[in-house]
Amino acid sequence: MTSDYKSTISESPKMEDKELGKSSVKEVGEVNASGHHDQMERQYGLLATCATALAIDNAWIALGGSIVVSIYNGGAPGVLYELLTACFWYSLIAASLAEMASSIPSSGGVYHYATVTAGPKWGLVAGYFTGLLSWGGWIMNSCAIAQIPSNVLVQLWALHHPDYVSESWHVYVCYIIVTWSTAGICIFGNRLIPTLQHIGLFLVTAGLVVTVAVLAALPKTHATSSFVWKDFENQTGYESNGVAFLTGVLNGAFVIGTPDSITHMAEELPNPRKQLPIAIAAQIVLGTLSSFVFGIALMYGISDLEAILSSVANFPLAVVYSQATNANVAATTGLLVIVLLAIYITMIGCHVTCGRSWFALSRDGATPFSKVFGRASTKLSCPVESTVFCAFVITCLGAIQLGSTTAFTDLVGSFILLTTVSYAIPTVAHVFSGRTRLPIGYFWMGRMGFVINIASVLLTAFFFVMFCFPYSLPVTTELMNYTSVIFVGYTVLVSGWWIVIRRRYVGPKIPHLEEAGRLVIEAI
C-alpha cells in the first residue's frame, strides 16, 4: 500500500488470549477500528442491533413482494426450494462476513475488509472497487425496496376503488414520497431509529404470526400438498427445469441477501466486535425461518395460480391475499397494511446503510466531493450530506419503472451481482493471504474458515453467471435481462473515477493491523 497508509499503524495492543475466537485487537482512545475519531453516537444495544438487521432484511415481506417473479421459476416448489438454496449460499457468505466484521468493526464494511486482506500491494485498488460495488448494490436494493411500499399504497387505493386504473407515474409519485420521508426520518429522527427498529422487529414477528394465521385459517379450500411441494411448473420458456430453478435462486437471494447491512453501523454500536456477528447470524437464521414459514402458508393459500400470473395488479401479493381471505376486502387491507408498515421501516434501514457506506468511502477520499460527503453531523448523529445524496440517486433511478416492465427484476439482479462480488473480493483475498492479515475477533472460524470462504466464493461465481441469463425465452427487448449491462456499465464508471483519483487516493487509516496480523499467525 502507500507510505501514508503504513504510517497510520501505531502501537499495537497486547494479546490477552491467542486462542481462536478471542479478540486480538483493542480500540485505543477515541479512535475507532476505521482509524477515525467517532462522529456518531454509539446508541445501539444488542437487541436494537439485531432488530435493525432483521428489519432491513425483512425476509418474509421481501418474498411476498417478489412472489410473481418467483413463481414463474417453478411454481410453488420453485419458490420454496430456490429460497432454501439461496439461504444456504448466503449462510456461507454471512459466516465469512461475520468473521471479518468481528476483526474490523468499521462502517466501511467490506470496503475496509478488502483493503486489509488484499495486503499492501493490492489493498488500495481492491478496497476501492469493493466499496463502490457494495454501495452501488445497496442503492439498487433500496430502489427495489422502495417500489414495494409504493406499489402497496397504489394497490390499497385500487382495492377500495374498483374503477381506478393505475398508471406507472402514480407508483412513482408514491415512490418519491416513500424515499424522501424515510430519508427525513433517517436524518432528523436518527436518535429515534433504535426505537423504530424495535417497532419494526415487532411488525416483522407479530405481522408474520398474524399473516400466517390468516392464510391458514380463512381459505375455504387450500392448495394441495402436491401443488406446494411437488408440481414444478416451469413458466420461463427454458426447456431445462434445472436452468429455470437455478436462475430462480435470484428471487431467494433478494429475500435473504443483506448480510452486510448491519456492518455499516459498526461505529454506532458500543461493542461491535461481539454484536456484529450475533446480529448477522440472527438475520440469516430468523430471515430463513420466517420467509420459509410464510412461503409455505402463502402457497397453501393459493386457489387460482393462473389468476395470479395473469394479474395486472400493481402488487400481485394482494391477489394471493384476496384468494386466501375469500375476497374479504377488510382482511386483505389489514394484511397489506402490515406489509406497508414493516417495509417502510426497512426503507429507513436502507437509507442508514447507503448513507453510512457513502460516508465511509468519502471520508477516505474515494468519492467525488469527498470533503463534503465525508463529514457527519455530531448534533444529528448522521452523515447528512451522504444520506441526502443517496436519496437523490435512489429517486433518479426509480424513474426507470416509468418505461420498463422488468425494472424491479433488473434492480434486484443488479443488487445481487454488485453486492455478492463485493463480498467475494475480500473473501478471496483473505483465503489467498492464508487468512493471516486480519486480527482474531470474537468470532473466528479457524481452519474451517478456508472451507467456508472457498465454498462461498465458488457459489458466488456460479450464480453470477446464472443470474445473467435471460428471464425467459424467447428473448425480447422488453423482457431482456439487463442486469449484466448495468453491472458492466457501473463498473466502467467506477474504473473511470479510479483513473482520476488513483495517484492521490491513500485509502482508509486502519490502525494496529500489521502487528495484529503477526499475532494471528502465532495464534494459528
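Modeller: Contact means heavy atoms within 4.5 Å. With neighbours within four places in sequence set aside, L298 is in contact with I67, L215, L317, V320 and Y321. This is a predicted model, where local features need pLDDT of at least 70, side-chain atom pairs count only at pLDDT 80 or more, and totals for chains, interfaces and linings use all residues. Residues are numbered from 1 along each chain as its sequence is written, and side-chain values use heavy atoms, with hydrogens and water left out.

Start with L298 itself. L298 belongs to helix α12, residues 272-300. Helices (H or I, at least four residues) and strands (E, at least two) are DSSP runs, numbered from the N terminus. L298 has 0% relative accessibility, so it counts as buried. Buried means under 20% relative accessible area, exposed over 50%, and partly exposed in between (1.4 Å probe, protein chains only).

Now take two of its partners. I67 is 231 residues from L298 in sequence, yet their C-alpha atoms are 9.6 Å apart in space. L215 is one of the buried residues of α9. Others there include I193, L201, V204 and L208. Helix α9 covers residues 193-217. Its 25 residues should span 36 Å at 1.5 Å a residue, and its end C-alpha atoms are 35 Å apart, which agrees. The expected span is 1.5 Å times one less than the number of residues.

Step back to the chain. It has 21 helices and 2 strands. Of its 524 residues, 60% are buried. Among contacts with a separation of 6 or more, 83% join residues 24 or more positions apart.

Aromatic rings also link parts of the chain. The whole structure holds 21 aromatic pairs. Rings of Phe, Tyr and Trp (its six-membered ring) pair if their centres lie within 6.5 Å; planes under 30 degrees apart count as stacked, over 60 as edge-to-face and the rest as tilted. Y81 and W229 make a tilted pair, 6.3 Å centre to centre, with 45° between the planes. Y81 lies in helix α5 (residues 75-103) and W229 in helix α10 (residues 225-229), so the pair ties together parts 148 residues apart in sequence. Y81 is partly exposed at 33% relative accessibility. W229 is partly exposed too, at 28%.
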